[in-house]
Amino acid sequence: MAAAFVVGAVFILLLGDSPIETYSLLIGSALSWPDGIGYTLFYATPLIFTGLAVALAFRCGLLNIGAEGQLVMGAFAAAWAGITFAGLPALALVPLCFLAAMLMGGFWGAVPGVLRARFGAHEVITTIMMNFIAVALASYFTQYHYKEAGDAILQTAPIGESARIARLGKFIPGLPERIPLNVAFFVALAACVLVWLFLWKTRWGFAIRATGANPAAAEYGGISTGRQIVLAMAVSGALAGMVGINDVLGYRYRYYDGFSAGFGFTGIAVALLGRNHPAGVALAALLFGAFLRGGLFVDIFTEHVSKDLVLVLQAVIILFVAAESIFRGRRQVASRKV
Amino acid sequence: MADIFKIALLFSTIRLATPLLLAALGGLYSERSGVINIGLEGMMLAGAFTAAVVTHFAGNPWIGLLAAIAVGAAVALVHAFVCIQCRADQVVTGTAINILFLALPALLSGAMFQSTGATPQIPQQDLMPVAPILLAFAMVPITWYVLSATPFGLRLRAVGENPEAADTAGIRVLAMRYKGVVISGMLAAIGGAYLSIGQSSLFTRNMTAGRGFIALAALIFGKWRPVQTMLACLLFGLAEAISIQMQGVVNIPVEFIQMVPYVLTIVVLAGFIGRSRPPRALGIPYEKR
């Protein structure tokens, strides 16, 4: 971590700005009340979901590069449900939209799981391919079937009023409602607890971790590793799909093509930095959420440094964390047979 | 009329296949040595950006190309060091490389040219629209020959299939893998350079738009063999050419034609059309015992 900031500082110096000023701007703007903290938590929400998705798959020895595609499909499904069943009352429609996001994301995750378990196709490649297919499909359906006539922007029609979930500004004094932080943040925190319970307190979680730790031993112990792979990928995809709840139900109230700022890929960094543990994932997501928020200010208020600094930091952190795992004597990912 | 259309389609296919082919052949050297290279996309971007910047300042595309190759090799060296020396997860490292070179060119061009990721336009006479195409297609028989008939190629394949046996036979496994990865970075960078100083005349943010991943798909579709990989690149180039030329002509939405490479890759990887078997030691770091 510290090393990544040093590398970042070198870049800032080379670009001709002061690292101290840039970093204090980055951190200060991310932690100010209410805007800084509100937006930091808002940006952290999708990263908690994708971080959990990647971490859960990691625990099964799988690398889910496909969170990006799964969250696109999940978000589109949430919007589809919110548009199609717009007439339903909130009590029925909101859970329906949740379910649509999770099922669609879960399906998009389960397909590579089945391809891996049944046909031996490596999940890294298939999930990358599924990402591109997801983006193409979602933009096709948005463009040709769910766009409002005459809308120049590639986005669907708005979802029904009753599908919207509340912004936290409604409940928290001092937090203005224009800040898009919404109930999905608490859903994300709940998901952390549930994933922890699932992985460490249930039979299925045990089987998934056993498959990840040592597939041969798991198989010998009577665990069907193929089934665990499909299960882990489906749950992972469902978690990624829940990103749609934050963006579609809590922020834009429609599916907007290209809404994801690479949340699925940042999820890999989040999981890695969080050591594939739900608590670590939540903390790492907060850090990267703060980066996303602070990056916008760095973009505006420094002379030379743009918000891409944040992505550079993220990449360098991934490199360092990936490289150092060897020095800790245990590998983050069980060595996978391709 | 129909003939002109067909010839235009042919040329467009070759042009579009060229960056894919360079990157895919690059991936081939890395992966046959046993190192996964998801970072092709990032290496292409590094090459594209370097070529555009250096050509802009030097006024000579060859210097730009050489600089791109050097930077591609340097980036690959980072990937190689983290994967081979630190035995980090190769996919994770490659993903980091991709993120890094999505951001770094934008960061640098912002500081150098006060733009949001684009470099200045390069004048027409300073472009090299043909040389990379010839190079790409010349690399196919060269790669085939190197892999199948030279000691270097035999050793490269040996460390990718069975590093323990190769080590026992006196081959320096880690050094061979370094070479494989560095060659892949250089070729991917040429592929990227072709995009910025061949096909177009400047670098724009994320100008590869997933071509590194399509190259990877072509490599798998081509079963990690040079000639088949070239055919796969031509097929994917054709898909792109059709999707460009058909825009608004026929009633198939562009999105579906764009999906073709990805769907085909999944199909072939799942073994529905012949099995595509990766090098046996692909993705597994080697530890000397």
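This is a predicted model: local features need pLDDT of at least 70, side-chain atom pairs count only at pLDDT 80 or more; totals for chains, interfaces and linings use all residues.
Colleague: What is the radius of gyration of chain A, and what does the globule rule give?
Modeller: The C-alpha atoms of chain A fill a box of roughly 60 × 55 × 35 Å along the principal axes. Chain A is as compact as a globular protein of 338 residues, because its radius of gyration is close to the value from the globule rule. Radius and rule both read 20 Å.

Colleague: Which share of the contacts in chain A joins residues 24 or more positions apart?
Modeller: Take burial as background: 58% of the 338 residues in chain A are buried. Now count contacts in chain A with a separation of 6 or more. Residues 24 or more positions apart account for 76%.

Colleague: Which helix of chain B gives the most to the side that touches chain A?
Modeller: The contact takes 43 residues from chain A and 38 residues from chain B. On the chain B side, the elements giving two or more residues are helix 4 (90–113), helix 9 (211–221) and helix 11 (254–269). With 14 residues, the top contributor is helix 4 of chain B.

Colleague: How many nonpolar residues are on that side of chain B?
Modeller: Sort the side of chain B that touches chain A by class.

Colleague: Where does helix 3 of chain A bend?
Modeller: Helix 3 spans residues 35–59 of chain A and reaches 36 Å end to end, close to the 36 Å expected for its 25 residues. Of those 25 residues, 22 are buried. The bend is about 25°, and A:Pro46 follows within four residues of the bend site. That site is A:Thr45.

Colleague: Is helix 2 of chain B largely enclosed or open, and which residue just after it takes a positive phi?
Modeller: Helix 2 (residues 40–58) of chain B reaches 26 Å, close to the 27 Å expected. It is largely enclosed by the rest of the structure, because 17 of its 19 residues are buried. Just after helix 2 of chain B, phi is about 70° at B:Gly59.

Colleague: What is phi of A:Arg275?
Modeller: Most residues other than glycine have a negative phi. A:Arg275 sits in the loop between helix 12 (263–273) and helix 13 (278–301) of chain A. It is partly exposed, with 17 other C-beta atoms within 10 Å. Its phi is positive, near 50°.

Colleague: Where does B:Arg87 lie?
Modeller: Phi of B:Arg87 is near 50°, a positive value in a residue other than glycine. B:Arg87 counts as partly exposed, with 18 C-beta neighbours inside 10 Å. Its place is the loop between helix 3 (61–85) and helix 4 of chain B.

Colleague: How far apart in space are A:Ala213 and A:Gly69?
Modeller: A:Ala213 is found in helix 8 (residues 203–213) of chain A. It counts as partly exposed, with 13 C-beta neighbours inside 10 Å. In sequence, A:Ala213 and A:Gly69 are 144 residues apart. C-alpha to C-alpha, the distance is 26 Å.

Technical notes:
Residues are numbered from 1 along each chain as its sequence is written. Chains are lettered from A and ligands numbered from 1 in the order in which they are written. The radius of gyration is taken over C-alpha atoms; the globule rule is 2.2 Å times the number of residues to the power 0.38. A residue is buried if 20 or more other C-beta atoms lie within 10 Å of its own, exposed if 12 or fewer, and partly exposed in between; C-beta atoms are placed from the backbone. Two residues are in contact if their C-beta atoms, placed from the backbone, lie within 7 Å. Ala, Val, Leu, Ile, Met, Phe, Trp, Tyr, Cys and Pro count as nonpolar, Asp, Glu, Lys and Arg as charged, and the others, Gly among them, as polar. The expected span of a helix is 1.5 Å times one less than its number of residues. The bend at a residue is the angle between axes fitted to the seven residues ending there and the seven starting there.
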